[in-house]
Structures are given as structure tokens and as C-alpha cells.
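Thanks, I will keep this brief.

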Amino acid sequence: MHLSTDEIILLQYGAIKLNATIATTWLLMILLVAGAKHVTRNLGNEVRITRWQSLLEIIVIGIRNQIGEVGLRQPEKYLGFVGTLFLFIATANLLTVFPVYEPPTGSLSTTTALALLVFVAVPFYAIRERGLPGYLKTFAEPTLIMLPFNIISELSHTLALAVRLFGNMMSGTMILAILLIVTPFIFPMLMNMLGLLTGMVQAYIFSVLATVFIAAASGTSDTINEDRG
Amino acid sequence: MLIDWFTVAAQAVNFLILVWLLKRFLYAPIINAIDAREKRIAAELAHAETMQAEAHASMADYARKQAELEAERIVLLKQATDDAAVERQRLISIARSDADDLRGKQQEQLQNEYRQLGDEISRKASAEAFAIAKKILCDLADESLEERMAAVFIQRLGMLDINVQQQLANATQVLVRSAFAQTERSTIEDAIRKLTPAEINFEVMPELINGIVLIAHGHKIVWSVADYLSTLENEVSTLLKMQPAGESK
């Protein structure tokens, strides 16, 4: 058995290879974009809207409100990144109901990629909000002595996120695989159901944590400042 | 090794592409649609509020007009009632005055009739009395009534007051009115001549029925059946007055 979907190579040309992780990600991308395009192709501003539009609006507004609740003042600016994080992870995990499907989030490469993106996004948004000097100054807070600890903290955020997502996804898949061997009936189904729940929880936690890190670094969060104060 | 760095890079790129695609096809259209709908709903709400305000204003205006109309109606009704009362009073007074006029006319007519009847009775009574007296005198004294009356008249002239006789003597003209023939004129003329030297004129007036009137120097000496007739007339009038009172009962 494969521990990671990275090991299933579909095509290889030198260093460039198309493994199952990338292929599944593409499928997910096509699914998400096609679905979004299909629903939003004729959006109306009528009072009565279609069910699919209503669903999408609930999701988008829910994510926006969640970002706002974390404390970012203009949620629309972060909606693209954080919303896509949530939708991607959630969709990837939800599709585990299909038997042969392996979630790309179960690959440490994918979770590392996402964690690295958060790692980059945090200073990106922070610099956009505060400017470069303002952002750099945060590392020396409350005193200059804290500088190395702050840098370690920043790096450990990324690592924690990556490992968290990978661990949960992989463990779910692994446990399922092991249980299939031990008890092929009924129990894997329950685990699968639990996997759906943890998948959604992971998607939520990952995106909320990313938001919290961004908010903390950007300093636009009233809540966090108040908590610190 | 669990981490394949090529896959990491590919996944990062994939994710960024997905971010861009979803921004373009999901978030932007959805947010725009929501904003547009919110705007539309806000506009509709504002419009509804305007309409409601207008409706309230219209309702207030209507209520005010209704109150005005009601007040106007009450005023008009009161005015009409007052006018009707005035008109009623006017008509009543007209009717009353008409009734008074009619009653007056009736009374006048009645009085006229009464007077005419009285005159008629007087005339007939005196004529009858005269005829009876004439017949009685003719039957009893064997001389004409005229002679007898002339005799009485002459007798009366003799019995006149001294002052009256004096005034009569000073008169320049004497007028004698009588209803009967010329036969007695000389007798009367002689009697007057004894009292006054004035010029004597005779005038025949059948209305006197029976009697002689002497007018001289503002004096009037009368002997006629009228004296007796007046008594009769009074009695008759009393009788006539009593008669309508008896009828009214």
C-alpha cells in the first residue's frame, strides 16, 4: 500500500512527473471551477434566486463572516485565499466518500505546499497592511530579545499547519486502510463517516488558523490586540 | 521521503491558479450579485418607505378633508335648519296676517250687512210706523197727517227757548225741509213769519219720510218720525245683537 499518493506516478518526463496527487488536485480544480461557473453563469439580482446560487451564497457569506469574526476588517481582501483554502480542503476531504478516491490533502507534499503558501501569505498581507518596516518591527516586540523566538514562532506556525493537516488526513486514510484489513465490514464505514467529519473540521481549522496568523501579523485584528492587551 | 518537492511546487502553483479561478468565477460574481441584490432590496425598501410615507400623507390629507367636509356639513345643516326656521316663521306670520285680513274683511262685511239690515229695518219700520200712524190719525182725527204734523211743528216753534227764538229772529234766511205736499206750506210759512222776517225757502226731501226740519242761523229744529224711529231702531239693534250671540251658542 501507498503511504502517500505522491508515490503513484502516472506520467514521468525527466524530473517532471504527474503523480496521483497532482492529477486529483486538477480534477478537484476542474470540479470546483466548473461548478462555480455553472452556478454563476446567470446570476440574477432578483429577490428569488436558484437553490445552487443560494448554496454558494451561503458558503461565500459564511466564509466572509468567519474571516470578519476572526477580526480582519475587510474580509473581501482575504476571501480569495482563505476561502479557497477552505473550499479546496473541504472538497478534497468530502470526496473520500468515493471508494477509489485518495484525497490530495493526504499527501504531505500538498499540506506542505498549503502551509508554505500560508507562510508566504502571512508576511504578504502583513506588509500590504503595515508596510515593510511596520511588519519587521513586529518581530522585535515586545522587546528586541524576543526576535529569535518570534522568528521560531513564525516558522513553527507553518510547520504546525502542514503537519496538522497531513497528520489528520493521512491518519484517516491509514486507519481506514488498516481497519479494512482487520475488519472488512461495517467498522470502516463508521470510520469513513468520521473521516468526513474530521475532514470538514480540518478544513475549518486550517483556514481559521491561516486567518488568525494573517490577522495577528497584519495587526488589523481588534480581537487579537484586545486579547493580547 | 514523504515530501516530494516537485509535487509541493506543483501543488502550490495549482492552488494559486485555483485561487485566481475561484476569485474570477465564484467570489466576485457571488459578492457582486449579493451587493446588487442588497442594493435593489434597499432601493425597494426605500421606495416602499416613500410609498408608505406618501400613503400616510394621503391618509392624513383624506382624514383632514373628511373632517373639513363633516364640519362643513354640520355648518350647512345648521344654516339650513336656521333658514327653514326663519322661513317657517315668515310663512306663519304671512298666513297669520292673511287670516287676520280675511277675518277683518269678514267682520267688515258682517258689519256692512248688519248696517244695511239696520237701515233696511229702520226704513221699513218707519215706513210701516208712518203708514200705521197715518191710518190711525186719518181714522181718528179726520184730518191728514201732514196737517197734524204741521200743527205739531208750529206748536213746537212756539215752545222754543227764548235764546233760540232770538237767534231765529236775527236770521236772514230760513230753510224748511219737508217731505209732504205744498198744501201745508202756507201754514208753516205763517208760523215762521211770526218769529222771523227772514226769507223762507222750501225744499222737499222724500228721505225724511215724515217730518219737518228748519235750518236757520246755524240752528236746526227737527220734528220727524225719526225721534220715534230712533227708539225703535235701538230696540231692533239690541234684538239683532242678541240674535248672533244666541246663534253662536
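The second largest pocket in this predicted model has a volume of about 450 Å³. It is lined by 16 residues, and the closest to its centre are A:Leu32, A:Leu56, A:Ile59, A:Leu87 and A:Thr91. Which helices does the lining of this pocket draw on? In chain A, α1 (20-40), α2 (51-70) and α3 (75-94) each supply at least two of the lining residues.

Now to the interface. The size of an interface is often given as the accessible area lost when the parts come together. Here, chain A and chain B bury about 3,500 Å² between them, and 76% of that area is on carbon and sulfur atoms. On the chain A side 46 residues take part in the contact, and on the chain B side 31 residues do.

How many residue pairs are in polar contact between chain A and chain B? The count is 10, with both residues at pLDDT 80 or more. On chain A, the side that touches chain B takes at least two residues from each of β2 (16-19), α1, α2, α3 and α4 (108-130). The largest share of that side comes from α1(A), with 10 residues. By class, the side of chain A that touches chain B has 27 nonpolar, 13 polar and six charged residues.

Last, the salt bridges. Between chain A and chain B there are two. In one salt bridge, the side chains of A:Lys17 and B:Asp4 meet at 3.5 Å, N to O. Over all chains, the whole structure has 14 salt bridges. Where does the pair A:Lys17 and B:Asp4 sit? A:Lys17 is in strand β2 of chain A, and B:Asp4 is in the segment before α1 (5-141) of chain B, so to speak of this pair is to speak of a crossing between chains.

Terms used
Residues are numbered from 1 along each chain as its sequence is written. Chains are lettered from A and ligands numbered from 1 in the order in which they are written. This is a predicted model: local features need pLDDT of at least 70, side-chain atom pairs count only at pLDDT 80 or more; totals for chains, interfaces and linings use all residues. Side-chain values use heavy atoms; hydrogens and water are left out. On a 1 Å grid over the protein atoms alone, a cavity is a set of points where a 1.4 Å probe fits but cannot get out, and a pocket is an open set with protein on both sides within 12 Å along at least five of seven lines; lining residues have an atom within 4 Å of a point. Grid points are joined across faces, edges and corners, and a volume is the space filled by probe spheres set on the points. Helices (H or I, at least four residues) and strands (E, at least two) are DSSP runs, numbered from the N terminus. Contact means heavy atoms within 4.5 Å. Buried area is the accessible area (1.4 Å probe) that two parts lose on being put together, summed over both. A salt bridge is a side-chain nitrogen of Lys or Arg within 4 Å of a carboxyl oxygen of Asp or Glu. A polar contact is a pair of N or O atoms within 3.5 Å; within protein, one must be able to donate a hydrogen and the other to accept it, and residues adjacent in sequence count only if both atoms are side-chain atoms. Ala, Val, Leu, Ile, Met, Phe, Trp, Tyr, Cys and Pro count as nonpolar, Asp, Glu, Lys and Arg as charged, and the others, Gly among them, as polar.
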